[in-house]
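Visitor: I would like to go through this structure term by term. Please set each value against its cut-off.

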Amino acid sequence: QIFSEVEHLHSLVTAMLMLEDNEKERAAVTLIIQQVLNNAVVRPFGITIFFCDLIFNIFLVSGWRSNALFYLDMYGPSKAEGYLYVETRSYVDRFFQYMFFISTFYFIWRLVGEIFSTLITSRRIFQAHFLTFWALLDVVSTVMSCTVFIKALLVRYNDHSISVGWFRFFSLLVGILWLKFLSFLKVINPTLATFVLAMIQIVKDVKYLALILVMVILAFGDMFHILIRIDETACPVNPDPNNDENPFCKTGLSYLDVYAQILGNFDYGSFLGHPTTIILFIVMTLFGTIIYLNILIAVVSDSYSKSCEKSSRLFGKARILTVANISALEHIMQPTWLNSKDKLLVRISKLLFKLLSICGYAYGVFWIVYFISLLNEGTGSTAGKYISTSVMVYFFVGSIFLFSFVFTGWGEERRFMKMTWINDNALVTWFFWKPIAFIVYLVMGQVAITTPESDSNKGHDE
């Protein structure tokens, strides 16, 4: 009964965002908070959000990768200036393109939902949430995805050109989207969370060693540059273009070469011109390679051991943020369009977000139907066509069932009981809910669903 009462406390997990990091870790490993987090995750709304995040993260990364490679082939260096856009995508490439469009809008919807729901709860919670690194990463990745989505539409219908700067932007987005996918996995699977959060902790622990490394690189880079630059045989005024120039003849390259030397890429031929450079080379390798790298390995090993010892705490702290987002989003998505108990601004926010949800659903259905209509036009293998079309049809039918909950509600807020047959029947259960739950449970791992001490909570209704 105590577990049930605590779980139904309004905005409990959301309020935990205001705690300090060490307090979050302590709270996350208590039995009662573990149970609250587990039950929030395995509820139908939580499983649905986790499944959508997983699928759309995959399609966001793979879809943008397919788009970027297509643009590289169409507008790369081998294409003449003024090359006109011609749609030559295969059917499967179009599938990834449209799934990227749909995934982008989904994460825009998620971001707007997080903004509205946290602002409705508290401004302090909004600040505590969006001032974290992972929240800022979600914002940046969503904004960048929206930017390239607009650019893709312009390329398709209006501006048939892509500059080199855009390709640099495209390459940066690929890395950010993979990092975003990694940030999602760190809160869904405890084993992955241990490795990801351990790497974050290692980066924090080696920040002062990194500062020392920068100072060493600058110091030795400048010393070698000055000593070698004055030697006209090593750095001639008019260098032969057919011969490789000594990297220490240029300031920027001298820093890069020192960094490579410290990592073990030894090339002592550049230092043989003067006894002083030879002595400096020996000192640099002794300090940088032998002493510094061994200290770095010791610090990393110690940091990783500490992270593994408190992996359950780190995983619980990471899940608090995710569960808080899901709980706040569930509150704002409830089917009550206008609640007289809410303030005017809250009612307007809920109404606007539901209208955005309807527009997003119509937008996704448009791209799905448009893609299916191109079945006989696209090139590519027949198997690829039918597999892509089957996935799109499955998404289309599933989206109808999911969208019906916006009107019928779920859980304690369920209404229009005569319409429950639409989203609560054997067909929906076996073809949608059970596969979704199976995939989410498979990705999570059993330890993320139940805890060893959960037997003490046998009487819990959930």
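Visitor: Which residues does R110 touch, not counting residues up to four places away in sequence?

Guide: R110 touches I49, D53 and L329; contact means heavy atoms within 4.5 Å. This is a predicted model, in which local features need pLDDT of at least 70, side-chain atom pairs count only at pLDDT 80 or more, and totals for chains, interfaces and linings use all residues. Residues are numbered from 1 along each chain as its sequence is written, and side-chain values use heavy atoms, with hydrogens and water left out.

Visitor: Why is R110 called buried?

Guide: Buried means under 20% relative accessible area, exposed over 50%, and partly exposed in between (1.4 Å probe, protein chains only). R110 has 7% relative accessibility, so R110 counts as buried. Its place is in helix α6, where helices are DSSP runs of H or I with at least four residues, strands are runs of E with at least two, and both are numbered from the N terminus. R110 and S357 are 247 residues apart in sequence, yet 9.8 Å apart in space, C-alpha to C-alpha.

Visitor: What makes the W64 and F100 pair tilted?

Guide: Rings of Phe, Tyr and Trp (its six-membered ring) pair if their centres lie within 6.5 Å; planes under 30 degrees apart count as stacked, over 60 as edge-to-face, and the rest as tilted. The whole structure holds 36 aromatic pairs. For W64 and F100 the centres are 5.3 Å apart and the planes at 35°, so this pair is tilted. W64 is in helix α5 (residues 44–75) and F100 in helix α6, 36 residues apart. W64 is buried at 1% relative accessibility, and F100 is buried at 0%.

Visitor: Why is the pair of F101 and F149 called edge-to-face?

Guide: Their ring centres are 5.0 Å apart and their planes at 70°, so the pair is edge-to-face. F101 lies in helix α6 and F149 in helix α8, so the pair ties together parts 48 residues apart in sequence. F101 counts as buried at 1% relative accessibility, and F149 is buried at 13%.

Visitor: How do you know that K180 lies over the face of F107?

Guide: A charge sits over a ring if NZ of Lys or CZ of Arg is within 6 Å of the ring centre and within 35 degrees of the ring normal. K180 is at 4.2 Å from the ring centre of F107. The charged end of K434 likewise sits over the ring of W430, 4.9 Å from its centre.

Visitor: What puts the buried residues of α7 on the same side?

Guide: In helix α7 (residues 123–130), the buried residues are I125, H129 and F130. They cover an arc of only 115° around the axis, which puts them on the same side of α7; the arc is that of the directions from the helix axis to the C-beta atoms. R123 and R124, on the other side, are exposed. The buried residues pack against α2 (12–15), α6 (91–121), α8 (133–157) and α14 (311–332).

Visitor: How many helices and strands does the chain have, and what percentage of its residues are buried?

Guide: There are 17 helices and zero strands. Of the 462 residues in the chain, 44% are buried. Among contacts with a separation of 6 or more, residues 24 or more positions apart account for 75%.
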